[in-house]
Amino acid sequence: MIETLNPQPDTAPTSEQNWGDVSGALRSMADNSETDQPTRDVVETNSNQEIDQPKEPMVSPLGTKLVSAAFRINSLLESRLANKADKEQLAENRERSLELQNEAYNTYQPNLTNTKNHEEGLRMNMRFDARAARQEKIDEAKSKVRGFGRSALNKLKDAGLIGLGVTIAGASKSKELATEASQKTKDSIVSGIDKAEELAGKAGQKMEGAIESGINTVSSTVEGAKEARDYRREAAKARKEQAHGRRYERHAKGMKLRRAIGNFVIRSRTTGQTAVDTWKNYPTK
Amino acid sequence: MNSTMITLEALEQFGIETNRSDIDNFLTHLNDMLDERVGIEITESLDDTKLAELLKLQESGDDNTIGDWLQANVPELEQIAQDEIDILLGEVAENSDDFNQAG
């Protein structure tokens, strides 16, 4: 049952399939910048639409996966609650005296009739309530899924086991380059003006050349910083593609394992049935 | 409260303008998204028994204990987390020009 709620892609997701999540967020940020609405609302609404409004199936692959994970968690929580309620009911029944048990039995039939009369009205209300309650439970389960991720990331980050990668070093270098470029511009202009004033006349023309040359040097430094940024972007894209590949491999391995377990269970049942049949037939042979 | 893994510095490295008024919202959104993606991968990697165990542990509210449990019970947890970070940052890098233009 879980497998059907949690479909896996048959092929590795392409960049385009995953592109939508962040680009959508970027667009949403732009759209919401004036009204100052948090982007999460947009993502949440998309996820919710899948549950409540099948007419608008604009759900990202991530949204579908999150809902599937939430369904799993929700069903586990519900079965736990049901078990607890059963245990409490059993304990309560055991504590009842015989007299009370008889009384409960005698009033059972009239109560049942009254209950039936109310049932229809209640059912109407329940339909409305159930939908809201279901959504609330799903939201709660989604928040639990995020909690797993948060706990894992905090733990691994504190232990120094994960990071933003070597690209951060590049960012510092880029900042350094940009500062250097800005300083060089300032120096060239100030020194150009001072020297131009000092030399004046004929020398002034020479200084113009010097300033121009200084600006060219600055331009090449700025170009260098841009190149460094573009390189980092390219590197990040390459790392993303590699990570996608590993994620796909993990999913494929997980599916293979689940399939193997399924086959093993079927084989065990068949083998078990054969053993039972053999045993049953044994005296006649 | 999210894990605050993605920082302003990380956005700067891709040339994203970090002096915008909505940058905090964007950072929060990215970190929530990262928590969500890692959480989904964790949920998918666990069987029902382990998942029920984790849910029970989560109710205790001790983040450090949950972290220890995850490290012990989720295969390739470090790789999962690092991959999700790389994927998200890659998407940010790909879309950084759009973000700047949208401002």
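1. The crossing of α2(B) with α5(B) is right-handed. The model is a predicted one. The two helices, α2 at residues 23-45 and α5 at residues 77-102 of chain B, pack at an angle of about 145°, and their axes lie 10 Å apart.

2. On the α2(B) side, the contact is made by I23(B), F26(B), L30(B), M33(B), L34(B), R37(B), V38(B), E41(B) and I42(B). On the α5(B) side, the contributors include L77(B), I80(B), I85(B), L88(B), V92(B) and F99(B), together with E84(B) and E91(B). By class, the residues of this contact are 15 nonpolar and four charged, with no polar ones.

3. Turning to the interface, 72 residues of chain B are in contact with 65 residues of chain A. About 6,400 Å² is buried between the two chains, and carbon and sulfur atoms give 59% of that area. Of the area that chain B buries against chain A, 11% is supplied by Q13(B), E36(B) and E44(B), more than by any other three residues.

4. The rules find 12 salt bridges across the interface of chain B and chain A and 24 residue pairs in polar contact, both residues being at pLDDT 80 or more. On chain B, the elements giving two or more residues to the side that touches chain A are α1 (8-12), α2, α3 (48-60), α4 (63-73) and α5. The largest share, 24 residues, comes from α5(B). In total, this side of chain B divides into 29 nonpolar, 19 polar and 24 charged residues.

5. Over all chains, a search of the whole structure finds 18 salt bridges. One pair to inspect is R72(A) with D48(B), a salt bridge whose closest N and O atoms are 2.8 Å apart. The pair crosses between chains: R72(A) sits in helix α4 (residues 61-95) of chain A, and D48(B) in helix α3 of chain B. In general, side chains of opposite charge can pair when their charged atoms come close.

Note on methods. Residues are numbered from 1 along each chain as its sequence is written. Chains are lettered from A and ligands numbered from 1 in the order in which they are written. This is a predicted model: local features need pLDDT of at least 70, side-chain atom pairs count only at pLDDT 80 or more; totals for chains, interfaces and linings use all residues. Side-chain values use heavy atoms; hydrogens and water are left out. Axes are lines fitted to C-alpha atoms, for helices over the stretch in contact, and angles run from 0 to 180 degrees between N-to-C directions. Helices (H or I, at least four residues) and strands (E, at least two) are DSSP runs, numbered from the N terminus. A crossing is left-handed if the near helix is turned anticlockwise from the far one by less than a right angle, and right-handed if clockwise. Contact means heavy atoms within 4.5 Å. Ala, Val, Leu, Ile, Met, Phe, Trp, Tyr, Cys and Pro count as nonpolar, Asp, Glu, Lys and Arg as charged, and the others, Gly among them, as polar. Buried area is the accessible area (1.4 Å probe) that two parts lose on being put together, summed over both. A salt bridge is a side-chain nitrogen of Lys or Arg within 4 Å of a carboxyl oxygen of Asp or Glu. A polar contact is a pair of N or O atoms within 3.5 Å; within protein, one must be able to donate a hydrogen and the other to accept it, and residues adjacent in sequence count only if both atoms are side-chain atoms.
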